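Good morning, and thank you for coming.

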Amino acid sequence: METIAKPTTSTGGGTQNAILHRRIKRAAVLGSGVMGSQIAMHFANIGLEVDLLDIVPFELSEDEKAKGLTKESKQVRNRIVTNAFQQALKLNPNPLYHKNFANRIRLGNFDDDMQRISDADWIIEVVVERLDIKQQVFEKVEKYRKPDTFITSNTSGIPMEMLIQGRSESFQKYFCGTHFFNPPRYLKLLEVIPSSKTDADVVTFFMEYGEKFLGKTTVLCKDTPAFIANRIGVFSIMALFHMVDELGLTPEEIDKLTGPVIGGAKSATFRTADIVGLDTLVNVAKGLQANLPNDEAKDKFVLPDFLEKMIENKWLGQKTKQGFFRKVNKPDGGSEIFSLDFKTLEYVPQKKAKFATLEATKTIDKLSDRFPILLSGKDAAGNFYRKYFYTLFQYVSNRIPEISNEIYRVDDAMSAGFGWAMGPFKVWDALGVEKVVKGMEENGTPPAKWVYDMLAAGSQSFYKVSSGKRMFYDIASKAYQSIPGQDAFIILQNINAEKKVWGNSGTTLIDLGDGVLNLEFHTKMNSIGSEIISGVNKAIEIAETQGWKGLVIANEGENFSAGANLAMIMMLAIEQEWDELNYAVKAFQNMTMRLRYSSIPVVVAPHGLTLGGGCEMCLHADAVVASTETYIGLVEVGVGVIPGGGGTKEFAIRFADEIKDGDVRINRLRDRFLTIGMAKVATSGWEAFDLGIFRPGFDKTVVSRSRQIAEAKRKVIDLAEAGYTQPLPRRDIMIMGKEGLGIVYAGADAMLSGHYISEHDALISQKLGYVLCGGDVSERTQVSEKYLLDLEREAFLSLLGTRKTLERIQYMLKNGKPLRN
């Protein structure tokens with residue numbers, strides 16, 4: 001069934017306006033499975049009170065019988081929801097921003113507690129993907145739901161028109177699909193699917209609410225099978241499966257070709273299929289095959305022979321311990337990962353995937369610049385890319401306007417739901433639309449007619465940027481239109497060319513408007529070296545001397561910053577260039593102190609990995625406006641040193657400002673010491689407050705990544721208009737001296753004696769404690785920041801001069817993870 005529904009037009013007036021300005025305070029989640037529990041937790045993340053309900057068990061478990069419980073016992077009646085919720089709490093990565101947010105969720109069951117939904121502002125159904133069961137749940141919902149309460153379904157493909165059959169007029173008016181992707185906290189896509197009866201303002205509300213409050217990329221979908229992301233994503237996987245025999249490539253080779261090199265996930269194609277489960281993928285594919293009789297590529301959804309055999313053998317991936325890959329035990333007690341031979345269906349040792357085409361892209365960091373090289377390759381990789389992308393481009397062009405009227409919604413869905421760094425139309429643009437069309441024709445996979453019409457009209461790309469706004473080619477009007485919603489965002493890539501104030505090889509300084517500047521990093525992994533240090537200093541100088549209100553430090557990379565440039569540090573250490581190293585560390589310290597003591601407000605806006613030096617920049621800002629998905633920490637101990645860019649000094653100051661007499665002082669020292677000494681990394685912006693990295697009253701988190709830079713800009717303006725005054729360097733820092741050192745040294749000795757840490761770890765602990773306590777002074781006394789910075793730098797350099805630290809840095813650079821020795 002391919003119902004392409006249009007929502008009911010809003011009738012205007014006070015009632016409709018009330019829908020758009022509705023506040024969600026309480027939500028009810030019906031169904032506590034893998035998705036239900038995690039959706040409930042994400043609602044709790046943003047401050048909602050949540051009721052999570054599920055069915056009552058049909059029978060007692062053996063354990064319940066042994067305890068003498070009955071079917072009427074509350075423990076029994078809530079067993080399904082309780083077990084599901086407890087399983088979700090154990091997931092890694094965690095669905096919650098903070099463990100305390102679990103307290104916002106109240107558990108219950110459909111029979112005893114359904115009346116609670118009368119207090120809910122939003123009810124979302126997340127039960128098993130069966131129409132009859134969903135309709136039974138909706139029948140119960142009608143008994144208790146308030147007439148104007150939002151009601152949605154998390155269905156991944158059942159048509160909305162079927163779901164609303166037999167429902168009241170009020171239910172139909174306030175009903176739509178809200179399809180989250182797993183895991184709901186981390187995957188940013190939220191598909192919003194109206195029925196023909198959905199009020200237009202309800203659709204507008206969820207499109208805005210999902211983006212602003214849930215931090216989602218909201219994509220409006222037509223009510224077609226599998227909507228947008230799964231329709232395109234599953235097609236791309238199944239089309240690739242059908243290429244296997246023809247191309248003669250192995251699973252590991254295809255994963256190499258479809259992973260990060262093209263902006264895909266590290267798990268790429270076959271490894272991802274093993275993780276998700278082949279049964280899940282096959283169910284969606286079969287559903288599409290059955291429900292898409294008019295799809296020109298419906299044969300791609302038919303299972304190839306090798307996949308049929310895998311399903312028959314229950315080789316479903318991770319859940320059955322074998323799929324496209326299998327771990328094989330070796331005679332020496334070790335293990336090795338084998339891959340499936342598609343012809344023999346036997347597991348064989350993997351062979352190293354190496355292609356000349358991929359080698360040619362190794363020095364190209366910008367993803368869009370890689371695609372022309374990849375598709376022009378003369379080897380098997382080039383053949384694969386041409387066949388794969390030409391087939392994909394044909395399919396997505398044919399889906400417009402079937403699944404969406406606008407091309408940007410397809411790209412948004414694939415990026416947010418499947419993790420593609422660039423959606424298909426953006427990739428096509430990077431290759432050159434007209435050039436690709438010729439290649440598609442030669443491949444026998446020409447695009448849809450509207451693409452030819454677009455080119456004939458003189459439009460050579462699907463997207464363009466005009467006056468700082470991203471525009472898309474609109475098929476209906478045959479003209480470029482602005483992508484809606486951009487007014488609430490600041491998108492650096494749309495404005496940096498037009499508003500560039502200054503730049504060097506690693507940074508760009510941009511005018512954000514209203515007297516605010518932004519410094520953007522663009523080194524590899526945004527690692528901090530001399531170019532970023534000089535960029536920060538120059539940005540502050542320009543802001544101070546040319547009348548700007550203040551500075552934001554933010555970027556749109558995958559991560560804010562992976563920390564200092566370890567390769568440069570190791571090279572200087574190996575060559576024993578100690579004067580140069582001392583100069584480099586001092587330059588870093590001077591940069592962070594410049595952040596702290598500039599005459600204009602500086603706001604740092606971190607996201608993703610914010611490690612080491614990136615964290616130290618946050619510690620010295622006037623304020624931090626962090627994405628909730630910020631993974632931040634001082635991790636230098638992992639490579640054998642202590643934080644040397646002011647981070648250890650800053651923790652010493654914060655400890656000094658917190659300390660009181662007696663045990664509280666010792667506990668505070670322990671907390672600060674362990675945060676650095678164990679290289680703790682916050683798994684969310686909220687956890688960074690617990691670690692003492694973010695400060696209540698100064699720093700904040702925002703759920704919507706799209707709005708983060710705009711929020712940081714607003715914070716700069718607020719600080720400036722409140723009469724920002726340049727701070728004075730601290731000279732009143734109370735240190736503990738020997739009182740604290742004795743505790744640190746005793747703890748390190750005990751851990752070393754118990755063989756919990758190595759001698760080198762003990763040395764690091766002593767150096768760290770020495771700085772945090774202000775050195776070997778006999779009694780508590782006041783010192784300056786400069787004094788602590790000198791101690792920090794000396795400790796950092798002394799550790800850097802050890803063989804063990806150099807080994808750790810070398811290991812980290814090679815393997816991307818710390819070595820403990």
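Which residue in β8 does L189 stand opposite? L189 stands opposite T217. A word on the basis: this is a predicted model, in which local features need pLDDT of at least 70 and side-chain atom pairs count only at pLDDT 80 or more, while totals for chains, interfaces and linings use all residues. Residues are numbered from 1 along each chain as its sequence is written, and side-chain values use heavy atoms, with hydrogens and water left out.

Let me turn to the sheet. Strand β7, residues 189-194, runs parallel to β8 and is joined to β8 by four bridges. Helices (H or I, at least four residues) and strands (E, at least two) are DSSP runs, numbered from the N terminus, and two strands pair if DSSP finds at least two bridges between them. Eight strands make up an open sheet with mixed pairing, in the order β3-β2-β1-β4-β5-β6-β7-β8. At its edges lie β3 (105-109) and β8 (217-220), each pairing on one side only.

Next, N78. This residue is found in the loop between α4 (74-77) and α5 (79-89). N78 counts as buried because its relative accessibility is 7%; buried means under 20% relative accessible area, with a 1.4 Å probe and protein chains only. Leaving aside residues up to four places away in sequence, N78 touches L107, G108, N109 and D113, where contact means heavy atoms within 4.5 Å.

Finally, helix α18. Of its 19 residues, 14 are buried, so α18 is largely enclosed by the rest of the structure.

Terms used
Buried < 20%, exposed > 50% of the residue type's maximum accessible area, 1.4 Å probe, protein only.
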